[in-house]
Amino acid sequence: MVKENDYVAIFHSIHRVLKAEKILKQAKVDFLLIPVPRQLTSDCGLALRFSPEAREQLLQVLTTADLPPAEMFQRRDDGYIQVSL
(Lines give C-alpha, C1' and ligand atoms only; values in the text may rest on other atoms or scores of the structure.)
Protein backbone atom coordinates (compact mmCIF):
# COMPACT_ATOMS: atom_id res chain seq x y z
CA MET A 1 0.00 0.00 0.00
CA VAL A 2 1.21 3.48 -0.85
CA LYS A 3 0.81 5.98 1.99
CA GLU A 4 -0.20 9.61 1.61
CA ASN A 5 2.70 11.73 0.25
CA ASP A 6 4.82 8.68 -0.66
CA TYR A 7 6.40 8.63 -4.11
CA VAL A 8 6.17 5.95 -6.78
CA ALA A 9 8.90 5.71 -9.43
CA ILE A 10 7.95 4.02 -12.69
CA PHE A 11 10.36 2.34 -15.09
CA HIS A 12 9.47 1.07 -18.56
CA SER A 13 11.18 -2.30 -18.33
CA ILE A 14 11.51 -5.00 -15.73
CA HIS A 15 15.27 -5.04 -16.30
CA ARG A 16 15.63 -1.35 -15.41
CA VAL A 17 13.55 -1.57 -12.24
CA LEU A 18 15.44 -4.66 -11.05
CA LYS A 19 18.78 -2.98 -11.79
CA ALA A 20 17.58 0.10 -9.86
CA GLU A 21 16.57 -2.15 -6.96
CA LYS A 22 20.04 -3.71 -6.84
CA ILE A 23 21.83 -0.33 -6.97
CA LEU A 24 19.59 1.21 -4.30
CA LYS A 25 20.05 -1.75 -1.96
CA GLN A 26 23.83 -1.44 -2.31
CA ALA A 27 23.55 2.28 -1.51
CA LYS A 28 21.31 1.49 1.50
CA VAL A 29 18.48 3.73 0.28
CA ASP A 30 15.12 3.13 1.99
CA PHE A 31 12.54 2.01 -0.61
CA LEU A 32 10.18 -0.85 -1.41
CA LEU A 33 9.62 -2.73 -4.68
CA ILE A 34 5.84 -2.85 -5.28
CA PRO A 35 3.35 -3.73 -8.02
CA VAL A 36 2.43 -0.61 -10.02
CA PRO A 37 -0.73 0.86 -8.42
CA ARG A 38 -3.92 0.30 -10.43
CA GLN A 39 -4.39 4.02 -11.05
CA LEU A 40 -1.01 4.16 -12.85
CA THR A 41 0.04 2.28 -15.94
CA SER A 42 3.34 0.69 -16.80
CA ASP A 43 4.48 -2.06 -19.14
CA CYS A 44 6.85 -3.22 -16.41
CA GLY A 45 4.34 -4.03 -13.67
CA LEU A 46 6.74 -3.13 -10.85
CA ALA A 47 7.61 0.23 -9.28
CA LEU A 48 9.63 1.68 -6.44
CA ARG A 49 7.82 3.23 -3.47
CA PHE A 50 9.70 5.61 -1.19
CA SER A 51 9.10 8.34 1.35
CA PRO A 52 9.58 12.07 0.79
CA GLU A 53 12.63 11.87 3.09
CA ALA A 54 14.33 9.34 0.76
CA ARG A 55 13.53 11.18 -2.48
CA GLU A 56 16.71 13.22 -2.86
CA GLN A 57 19.05 10.33 -2.06
CA LEU A 58 17.16 7.88 -4.30
CA LEU A 59 17.17 10.22 -7.29
CA GLN A 60 20.82 11.09 -6.77
CA VAL A 61 21.87 7.42 -6.67
CA LEU A 62 19.81 6.54 -9.76
CA THR A 63 20.97 9.60 -11.72
CA THR A 64 24.60 8.81 -10.94
CA ALA A 65 23.99 5.26 -12.22
CA ASP A 66 22.35 6.70 -15.39
CA LEU A 67 19.12 4.95 -14.42
CA PRO A 68 16.53 7.67 -13.68
CA PRO A 69 12.87 6.64 -13.46
CA ALA A 70 10.77 7.21 -16.57
CA GLU A 71 8.01 8.81 -14.48
CA MET A 72 7.39 9.68 -10.86
CA PHE A 73 4.14 10.20 -8.98
CA GLN A 74 3.17 11.28 -5.47
CA ARG A 75 0.19 9.90 -3.56
CA ARG A 76 -2.27 12.70 -2.77
CA ASP A 77 -5.92 12.65 -1.68
CA ASP A 78 -6.70 9.08 -2.81
CA GLY A 79 -4.99 9.64 -6.16
CA TYR A 80 -1.62 10.29 -7.76
CA ILE A 81 -0.11 13.43 -9.20
CA GLN A 82 2.82 13.32 -11.58
CA VAL A 83 5.89 15.15 -10.30
CA SER A 84 9.07 16.20 -12.05
CA LEU A 85 12.28 14.31 -11.48
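This briefing describes the sheet, the helices and selected residues of one protein model.

The model is predicted: local features need pLDDT of at least 70, side-chain atom pairs count only at pLDDT 80 or more, and totals for chains, interfaces and linings use all residues. Residues are numbered from 1 along each chain as its sequence is written, and side-chain values use heavy atoms, with hydrogens and water left out. Helices (H or I, at least four residues) and strands (E, at least two) are DSSP runs, numbered from the N terminus. The model has an open sheet of 5 strands with antiparallel pairing, and helix 1 lies across strand 2 and strand 3 of the chain.

**The sheet**

- The strand order of the open sheet is 2-3-1-4-5, with antiparallel pairing; two strands pair if DSSP finds at least two bridges between them.
- Strand 2 (32–35) and strand 5 (79–83) are the edge strands, each pairing on one side only.
- From one strand to the next, the twist averages 35°.
- In general, strands of a sheet pair through backbone hydrogen bonds, either parallel or antiparallel.
- Strand 1 and strand 3 (residues 46–50) run antiparallel and are joined by 4 bridges.
- Strand 1 also pairs with strand 4 in the antiparallel sense, over 4 bridges.
- Ala9 has a partner on each of these strands: Ala9 stands opposite Leu48 in strand 3, and the bridge partner of Ala9 in strand 4 is Met72.
- Strand 4 and strand 5 pair in the antiparallel sense over 5 bridges, with Gln82 in strand 5 as the bridge partner of Phe73.
- These two strands, strand 4 and strand 5, form a hairpin with 2 residues between them, and Asp77 in the turn has a positive phi of about 45°.

- Tyr7 stands opposite Phe50 in strand 3, and both Tyr7 and Phe50 are buried.
- The count of aromatic pairs comes to 1, where rings of Phe, Tyr and Trp (its six-membered ring) pair if their centres lie within 6.5 Å, and planes under 30 degrees apart count as stacked, over 60 as edge-to-face and the rest as tilted.
- Tyr7 and Phe50 form a stacked pair, at 5.6 Å centre to centre with 15° between the planes.
- This pair links distant parts of the chain, with Tyr7 in strand 1 and Phe50 in strand 3, 43 residues apart.

**The helices**

- Two packed helices are described by the angle between their axes and the distance between the axes.
- The axes of helix 1 (residues 14–26) and helix 2 come within 10 Å and cross at roughly 115°; axes are lines fitted to C-alpha atoms, for helices over the stretch in contact, and angles run from 0 to 180 degrees between N-to-C directions.
- Ala20, Ile23 and Leu24 in helix 1 meet Leu58, Val61 and Leu62 in helix 2, where contact means heavy atoms within 4.5 Å.
- The residues of this contact divide into 6 nonpolar, no polar and no charged; Ala, Val, Leu, Ile, Met, Phe, Trp, Tyr, Cys and Pro count as nonpolar, Asp, Glu, Lys and Arg as charged, and the others, Gly among them, as polar.
- Helix 1 runs at about 35° to strand 3.
- Helix 2 packs on the sheet, touching strand 1, strand 3 and strand 4, and its direction makes about 135° with that of strand 3.
- Val17 lies in helix 1 and counts as buried, at 0% relative accessibility.
- Not counting residues up to four places away in sequence, Val17 touches Phe11, Leu33, Cys44, Leu46, Ala47 and Leu48.

**Residues outside the helices and strands**

- Most residues other than glycine have a negative phi.
- Asn5, in the segment before strand 1 (7–10), has a positive phi near 75° and is partly exposed, with a relative accessible area of 32%.
- Asp66, in the loop between helix 2 (55–64) and strand 4 (71–76), has a positive phi of about 55° and is exposed, with a relative accessible area of 61%.
- Lys3, also in the segment before strand 1, is exposed, with a relative accessible area of 54%.

Terms used:
Buried means under 20% relative accessible area, exposed over 50%, partly exposed in between (1.4 Å probe, protein chains only).
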